[in-house]
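Here is my note on the model, in numbered points. Please read it with the coordinates open.

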Amino acid sequence: MPTKARIWVCDNDQLEENNYVQIEVAYASEPSSVVVFRYKGKCLAYRNRCAHMQQRLDCKKDTIFDDTGQNLRCSMHGATYDPITGESMSAICKGERLTPIRVQENEEGVWITDKRVKPLAGISK
Ligand code: FES
């Protein structure tokens, strides 16, 4: 039985609470960025693309969280998102949500296991 494809993100201890790792990948055959972060002890990931104007969440600041550490926040115009569901909490992109990316954490570390995501080198031009 073939092993499920997965993409290495980082060691477990590199992903502290309210910290994130940004990784360049191919998402649905397009170059893309994914943010993997820890929130309330849980490892979560989204495509790094704001629902408002498709900017990276960390485009203006080196963080994806707001000052409280309780919400994700796009640094372009300040749209906030629920870290667990990815749902927008802001009027400027009401009803929108971030694209969730499947991740796995085990004793080896943190991995992207989403079948839509491939290593960036895998894109054919
Ligand atoms: S691009 Fe993210 S809030 Fe406008």
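1. Burial first. A residue is buried if 20 or more other C-beta atoms lie within 10 Å of its own, exposed if 12 or fewer, and partly exposed in between, with C-beta atoms placed from the backbone. By that count, 30% of the 125 residues of the protein are buried.

2. Ground rules. This is a predicted model: local features need pLDDT of at least 70, side-chain atom pairs count only at pLDDT 80 or more, and totals for chains, interfaces and linings use all residues. Residue numbers start from 1 along each chain as its sequence is written.

3. Secondary structure. The protein has zero helices and nine strands. Helices (H or I, at least four residues) and strands (E, at least two) are DSSP runs, numbered from the N terminus. The order from the N terminus is β-β-β-β-β-β-β-β-β.

4. Overall size. The C-alpha atoms fill a box of roughly 45 × 35 × 25 Å along the principal axes. The radius of gyration is 14 Å, which agrees with the value near 14 Å for a compact globule of 125 residues. That radius is taken over C-alpha atoms, and the globule rule is 2.2 Å times the number of residues to the power 0.38.

5. Contact range. Two residues are in contact if their C-beta atoms, placed from the backbone, lie within 7 Å. Take the contacts between residues at least 6 apart in sequence: 43% of them join residues at least 24 apart.

6. Domains. The protein divides into domain 1 (1–49 + 99–125) and domain 2 (52–98). These bounds come from an automatic or database domain assignment. The two centres, taken over C-alpha atoms, are 18 Å apart. Domain 1 gives 14 residues to the contact and domain 2 gives 10 residues.

7. The domain 1 side. Which elements give two or more residues to the side of domain 1 that touches domain 2? They are strand 2 (20–27), strand 3 (30–39) and strand 4. Strand 3 supplies the largest share, four residues. By class, this side has seven nonpolar, five polar and two charged residues. Ala, Val, Leu, Ile, Met, Phe, Trp, Tyr, Cys and Pro count as nonpolar, Asp, Glu, Lys and Arg as charged, and the others, Gly among them, as polar.

8. Asn 71. This residue sits in the loop between strand 4 (42–47) and strand 5 (72–73). Is Asn 71 buried or partly exposed? Asn 71 is partly exposed, because 17 other C-beta atoms lie within 10 Å. Beyond its neighbours within four places in sequence, Asn 71 contacts Phe 65, Asp 66, Thr 80, Tyr 81, Asp 82, Pro 83 and Met 89. Lys 94 is 23 residues from Asn 71 along the chain, and their C-alpha atoms are separated by 15 Å.
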